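Please look through the chain below, and then work through the questions one at a time, trying each before reading its answer.

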Amino acid sequence: MPPVNPTRIDQPGASSDSAPAPGSTYPPGSTPGPAPSAAGRSFAGTPTAADYYAVNRGGGLFSEAISQRIGARIAVGAHKRHLSPTVLTILNLGLGCLVSFIVIATAGPVAAGTLWAAPIGLLALIGWQLAYAFDCSDGQLARVTGQSSTAGGRLDVLCDVAVQSSLVAALAATAKAQEPATPAWLLAAFAATWMVNLVTSVMQTGTQAASMVTSTSLPVRAVKLIRDYGAVIALAGVVLTVAPQWAVWFVGLFTLVNGGFLAASIAFAGRASLRSP
């Protein structure tokens, strides 16, 4: 599983970028004055999409180039309508789970050929991406408008767990429907290893923050696309649209990728622990 973005955790090291600065919440209907950003700047008047994007928490090459930019646009619209970051978090939860439920409910008919795969796949491709954009936007809105909170960060992570659990269930249901002989252990391993990056992202707080590969060069970032959440759910949507019969190969591939990352993370943390005084 690619890295998730716990966008509203108000502690240093929650991602590769700096932590949000504390600030006061704008009351509904008020005109925002200067508000502190994660980078220590202040905004006079209404923040622009560029202001929201400037405080994004990354997430990978695809996420930064597409998901976070869409999230910044959503944050602009939400701020104009005086919506709180929590509303965006709930929209991520509702949309992500709804799309997954539809994929699960139609997995059998699609496999039997009684339902065309393309519309369901396109719904998954667009719906999951939009849900992720909402997940990106809630943190951007919280940081720029000074609405970051521990409770908001906790809600964000819990909603991420729910959405990604539903997404895993949808992919597993599709793989099983397309290939009934898919072993149960593979589906279980896929579900278990998918959550590796969610756990490691939440662990990236304070002195626990660390990276096995610190290079930010383009070739390295391109390789890391295989763990970029935005890129991976885009690939999942393409598979469901074009060739849902490949879902079992998708499940197998990312079980290996995420299982390998878990093993490497354990080795990395173990070596660091042995070196510690």
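Q: In which helix do phenylalanine 190 and tryptophan 194 both lie?
A: Phenylalanine 190 and tryptophan 194 are four residues apart, which is about one turn of the helix. Helices here are DSSP runs of H or I with at least four residues, strands are runs of E with at least two, and both are numbered from the N terminus. The helix that holds both residues is H6.

Q: What kind of model is this, and from which number are the residues of each chain counted?
A: This is a predicted model, in which local features need pLDDT of at least 70 and side-chain atom pairs count only at pLDDT 80 or more, while totals for chains, interfaces and linings use all residues. Side-chain values use heavy atoms, with hydrogens and water left out, and residues along each chain, as its sequence is written, are numbered from 1.

Q: Which kind of aromatic pair do the rings of phenylalanine 190 and tryptophan 194 form?
A: Rings of Phe, Tyr and Trp (its six-membered ring) pair if their centres lie within 6.5 Å, and planes under 30 degrees apart count as stacked, over 60 as edge-to-face and the rest as tilted. The two ring centres are 5.5 Å apart and the planes stand at 65 degrees, so the pair is edge-to-face.

Q: Is phenylalanine 254 buried or exposed?
A: Buried means under 20% relative accessible area, exposed means over 50%, and partly exposed is in between, using a 1.4 Å probe and protein chains only. The relative accessible area of phenylalanine 254 is 2%, so the residue is buried.

Q: Why does glutamine 129 count as buried, and which residue's backbone oxygen does its side chain reach?
A: Glutamine 129 lies in helix H4, and it counts as buried because its relative accessible area is 15%. It touches Phe62, Ser67 and Ile233, among others, leaving aside residues up to four places away in sequence, where contact means heavy atoms within 4.5 Å. At 2.8 Å, its side chain reaches the backbone oxygen of glycine 230.

Q: At what distance does the side chain of asparagine 56 reach the backbone oxygen of tyrosine 53?
A: Asparagine 56 lies in the loop between helix H1 and helix H2, and its relative accessibility of 9% means that it counts as buried. Its side chain reaches the backbone oxygen of tyrosine 53 at a distance of 2.5 Å.

Q: Which residue lies over the face of phenylalanine 261?
A: A charge sits over a ring if NZ of Lys or CZ of Arg is within 6 Å of the ring centre and within 35 degrees of the ring normal. At 3.6 Å from the ring centre of phenylalanine 261, the residue over its face is arginine 227.

How values were computed. Polar contact = N/O pair within 3.5 Å; in protein donor to acceptor, adjacent residues only side chain to side chain.
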